[in-house]
Amino acid sequence: MGQFDGKIALVTGAARGIGQATALKLAAGGADIALCDLQKEWIAETEAKVKALGRRAESFAMNVANSEDVTRAVGEVEKAFGRIDVLVNNAGITKDGLLMRMSEEDWDDVLDINLKGTFLCTKAVSRIMMKQRSGSIVNVASIIGLIGNAGQCNYSASKAGVIALTKSVAKELAPRNIRANAVAPGFISTKMTDNLPEEIQKKMLDNIPLKRFGTPDDVANVIVFLAGDEAAYVSGQVLTVCGGMVT
Ligand SMILES: NC(=O)c1ccc[n+]([C@@H]2O[C@H](COP(=O)([O-])OP(=O)(O)OC[C@H]3O[C@@H](n4cnc5c(N)ncnc54)[C@H](O)[C@@H]3O)[C@@H](O)[C@H]2O)c1
């Protein structure tokens with residue numbers, strides 16, 4: 001028996017990386033999964049992998065930054081599955097640049113997807129969780145939201161916002177038996193980080209006490225812990241997954 005047997009989880013940004021790893025670990029724990037990403041076709045691989053684990057999976061196109069899209073897709077998920085027990089707000093992007101060169105568009109895009117997207121999905125799904133009087137929300141923040149980083153003022157502000165949002169939501173929804181927590185990954189090997197120049201990757205590795213980059217599974221393990229009943233008395237917390245970089 002898995003800890004998520006009979007439960008429904010919605011994962012955003014589920015096509016690849018940390019989102020895909022999380023969907024697979026939740027499914028391995030017994031959950032049926034609503035997979036969301038910008039385009040349905042991108043999610044086909046994750047959907048097939050969840051089904052191969054013997055769980056139900058359905059894919060939904062959703063731009064987390066668009067409120068109409070979020071309302072429509074969450075409505076479709078509710079219609080298809082009847083409930084939502086776990087929400088993982090994972091979709092996110094970077095558009096790095098030094099402050100003096102950062103365009104307003106790059107600022108807005110990152111804040112819209114990372115922060116407003118988390119707000120919109122949380123609002124739409126918590127309506128369902130409030131009716132159920134149960135639910136667990138895990139937001140994917142970043143250590144950059146805790147410590148900042150040159151060249152990432154938009155990203156760091158968005159992730160600091162996600163952390164603050166998590167704490168407020170945790171306090172607001174606790175009376176309805178809904179928990180909200182965040183993970184703050186460090187440097188994780190995914191498509192998001194693959195493109196960083198080798199020199200920067202080497203510099204980052206020097207600063208990681210555990211002397212390796214994280215994997216999507218490293219983060220997914222912690223998301224699954226926070227999402228499940230083993231963390232039943234944990235809410236409003238930020239757990240770093242960064243090989244000991246931020247202590
Ligand atoms: N990789 C890292 O080192 C790292 C570190 C800290 C935090 N994070 C965070 O982890 C999360 C996942 O990152 P990843 O490394 O797996 O990246 P990734 O780029 O591999 O995956 C991100 C996914 O989000 C989807 N997405 C992007 N914009 C979207 C939108 N508007 N609506 C719906 N889906 C959208 C993408 O299509 C993609 O499938 C992000 O929030 C990221 O900020 C990553």
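# Helix packing, core and loops

The axes of α4 and helix α6 (residues 153–173) cross at roughly 15° and come within 8 Å. Angles under 35 degrees count as roughly parallel, so α4 is roughly parallel to α6. The model described here is predicted. The crossing of α4 and α6 is right-handed. On the α4 side, the contact is made by Asp106, Trp107, Val110, Leu111, Asn114, Leu115, Thr118, Phe119, Thr122 and Ser126. On the α6 side, the residues include Tyr155, Ala157, Val162, Leu165, Val169 and Leu173. By class, the residues of the contact of α4 with α6 divide into 11 nonpolar, 7 polar and 2 charged.

Helix α4 has another partner. Helix α3 (residues 67–81) packs with α4 at an angle of about 30°, and their axes are 9 Å apart. The crossing of α3 and α4 is right-handed. From α3, the contact takes Ser67, Val70, Thr71, Val74 and Glu78. From α4, it takes Leu120, Cys121, Ala124, Val125 and Ile128. The contact of α3 with α4 has 7 nonpolar, 2 polar and 1 charged among its residues.

Next comes the core. The largest nonpolar core has 68 residues. Which of them touch the most other members? They are Ala9, Leu26, Ile33, Leu35 and Val183. Helix α4 (residues 104–132) gives the most to this core, with 9 residues. Take Leu35 as a case. Leaving aside neighbours within four places in sequence, Leu35 is in contact with Val11, Ala14, Ala23, Ile43, Thr46, Glu47, Ala57, Glu58, Ser59 and Phe60.

Helix α1 (residues 17–28) packs with helix α9 (residues 216–227). Their axes are 8 Å apart, at an angle of about 50°. The helices α1 and α9 are therefore oblique to each other. The crossing of α1 and α9 is right-handed. Helix α1 brings Gly17, Ile18, Gln20, Ala21, Thr22, Lys25 and Leu26 to the contact. Helix α9 brings Pro216, Asp217, Val219, Ala220, Asn221, Ile223, Val224 and Ala227. The contact of α1 with α9 has 9 nonpolar, 4 polar and 2 charged residues.

Now follow the chain past α9. Gly236 is in the loop between α9 and β7 (238–241). Is Gly236 buried or partly exposed? Gly236 has 16 C-beta neighbours inside 10 Å, so it counts as partly exposed. The C-alpha atoms of Gly236 and Ala182 are separated by 7.5 Å, although these residues are 54 residues apart along the chain. Not counting residues up to four places away in sequence, Gly236 touches Thr166, Lys167, Ala170, Lys171, Ala180 and Asn181.

Most residues other than glycine have a negative phi. Asn177 has a positive phi of about 65°, although it is not a glycine. Asn177 is found in the loop between α6 and β6 (178–185). Asn177 counts as partly exposed because it has 14 C-beta neighbours inside 10 Å.

Lys211 has a positive phi of about 60°, and it is not a glycine. Lys211 lies in the loop between α8 (198–206) and α9. Where does Lys211 stand, buried or exposed? Lys211 has 10 C-beta neighbours inside 10 Å. A residue is exposed if 12 or fewer other C-beta atoms lie within 10 Å of its own, so Lys211 counts as exposed.

How values were computed: Residues numbered from 1 in each chain as written. Predicted model: local features only at pLDDT ≥ 70, side-chain atom pairs only at ≥ 80, totals over all residues. Axes fitted to C-alpha atoms, helices over the stretch in contact; angles between N-to-C directions. Helix = DSSP H or I, 4+ residues; strand = E, 2+ residues; numbered from the N terminus. Parallel < 35°, antiparallel > 145°, perpendicular 65-115°, else oblique. Left-handed = near helix turned anticlockwise from the far one by under 90°. Contact = placed C-beta atoms within 7 Å. Nonpolar A, V, L, I, M, F, W, Y, C, P; charged D, E, K, R; others polar. Core = buried A, V, L, I, M, F, W, Y, C linked by C-beta atoms within 7 Å. Buried ≥ 20, exposed ≤ 12 C-beta atoms within 10 Å, placed from the backbone.
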